[in-house]
Amino acid sequence: MPHTRFRRRIGTVAIAAGLLAAAMAGATASAAPATQVTVQRACSAPAAGYAACLAMVDSDAKGRPLSRSAAAAADLHPFLAADLQDAYDLPSDLLGARQTIAIVDAFDDPNAESDLAEYRKANGLPACDADFPCFKKVNQRGGTTPPPADAGWAAEISLDLDMASAVCPNCRLLLVEADDNSIENLGIAVDTAVALGADVVSNSYGALEWNSELADLADHYDHPGVTIVASSGDSGFGAQMPAGLPTVVSVGGTSLYQDDSARGWGERSWRFAGSGCSAYVAKPAWQKDKLCGKRTIADVSAVADPSTPVAVYDTYGSGGGWLALGGTSAAAPLIAGVYALAGNATTVPVQYPYSHAKALNDVTSGPAGTCGGGYLCNAGPGYDGPTGLGTPHGIGAF
């Protein structure tokens, strides 16, 4: 049975958004994720030198994105903000007021502000209005002229904004839209986010490693005093950038579900969560795992399995309205929100969880990965590639 606190929060959401609560009625996941749906990537495959967005959209057999009613019919009950706050024991109502989370993505989502407003209203989160101006959108130069719009990346943007809001509703959100999904322009957008005052920068995109990656990327993702997080990928074993950089918190993925444990929730590794052993990045001093002589991915994790999806509101991208989405694109902005709640960016954000692992939920089981066994692609006690050190249990590890 869900905790009392979970039932109370769901009641608050239902009052604020009766329509959404009704559509998600009975939002109690099974003891383990069993429903399997068709999944499609929100964005098209990128060319060399370009990054893929990592949002994954639950769809029907014909490839149409699942609406609220279709998701319920498929026995999926996408998680609301209250679910995520409860699952990870987060003090979301109390903290984050002085923090800015930057969301870096490519192309423009013309409906980003209005879609975010609908998500926040439906989840009982404070509105971004004149009294609380918590949303701003700029291009990669910090200007107001948007880049070309793209439906796939719009779904990614909605996912990122909604997850950051769910975890840290009191944070300010800065959406920085790169001109396109080239590695160079996304890096410039990160620099702009930092220059405009971001405390945490979330990046839900990635590209497979290449031999000049450090020369190409390192400076863009190294900003002392600012926490930078990135999705580990949705294709299983294989190091991706920028998640593999030593200055970036690499975020893996899990399946999240309610159970009858003391926590009230269970997690398993998600089979397709990105993990890896870098070919080019030296091993940070704080990583002690034995089978990878260089940088190991991931560091921490959160819900990402499209079979245990999150609810996202998007009217420009993948079909319009409430959708069920997953991918490590959901996990990265969620973890960004947890870092913002903690407000510890003046520490070394990548290193901090390694010395505070007892404050995380250790994910010890899950489907077999794709690298032949062992912790680099399979969950187990302690550190492993798909889930890193574990998932948030409050903010003590961040």
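Strand β4, residues 100-106, is mostly covered in this predicted model. Seven of its seven residues are buried, that is, under 20% relative accessible area with a 1.4 Å probe and protein chains only; exposed means over 50%, and partly exposed lies in between. Strands (E, at least two residues) and helices (H or I, at least four) are DSSP runs, numbered from the N terminus. Residues are numbered from 1 along each chain as its sequence is written. As the model is predicted, local features need pLDDT of at least 70 and side-chain atom pairs count only at pLDDT 80 or more, while totals for chains, interfaces and linings use all residues; side-chain values use heavy atoms, with hydrogens and water left out.

In a regular strand the side chains alternate between the two faces of the sheet. Both faces of β4 are covered. T100, A102, V104 and A106 are buried on one side. I101, I103 and D105 are buried on the other.

β4 pairs with two strands described here, β6 and β7. Pairing requires that DSSP finds at least two bridges between the strands. With β6 (residues 172-178), the sense is parallel and the bridges number seven. I101 has L173 of β6 as its bridge partner. With β7 (residues 200-203), β4 runs parallel, joined by four bridges. Here A102 stands opposite V201.

An open sheet of four strands has antiparallel pairing and the order β1-β3-β17-β16. Its edge strands, β1 (38-41) and β16 (310-314), each pair on one side only. The twist averages 50° from one strand to the next. Within this sheet, β3 (residues 56-59) and β17 (residues 321-326) run antiparallel and are joined by two bridges. M56 has G326 in β17 as its bridge partner. β17 also pairs with β16, in the antiparallel sense, over five bridges. In that pairing, Y313 stands opposite W322 of β17. β17 is mostly covered, with six of its six residues buried.

Helix α5 (residues 112-122) lies across β16 and β17. Its direction is at about 140° to β16. Axes are lines fitted to C-alpha atoms, for helices over the stretch in contact, and angles run from 0 to 180 degrees between N-to-C directions. Contact means heavy atoms within 4.5 Å.

α5 also packs on helix α6 (residues 151-167), at an angle of about 40° and with the axes 10 Å apart. That angle makes α5 oblique to α6; under 35 degrees counts as roughly parallel, over 145 as roughly antiparallel, 65 to 115 as roughly perpendicular, and the rest as oblique. From α5, the residues A112, D115, L116, Y119 and R120 meet I157, S158, L161, D162, M163, S165 and A166 of α6. This contact has seven nonpolar, two polar and three charged residues. Ala, Val, Leu, Ile, Met, Phe, Trp, Tyr, Cys and Pro count as nonpolar, Asp, Glu, Lys and Arg as charged, and the others, Gly among them, as polar.

α6 packs on helix α9 (residues 328-342) as well. The angle is about 35°, and the axes lie 8 Å apart. This crossing is right-handed. α6 contributes E156, L159, D160, M163, A164 and V167 to the contact. α9 contributes S329, A330, P333, L334, G337, V338 and L341. By class, the contact of α6 with α9 has nine nonpolar, two polar and two charged residues.

Terms used: A crossing is left-handed if the near helix is turned anticlockwise from the far one by less than a right angle, and right-handed if clockwise.
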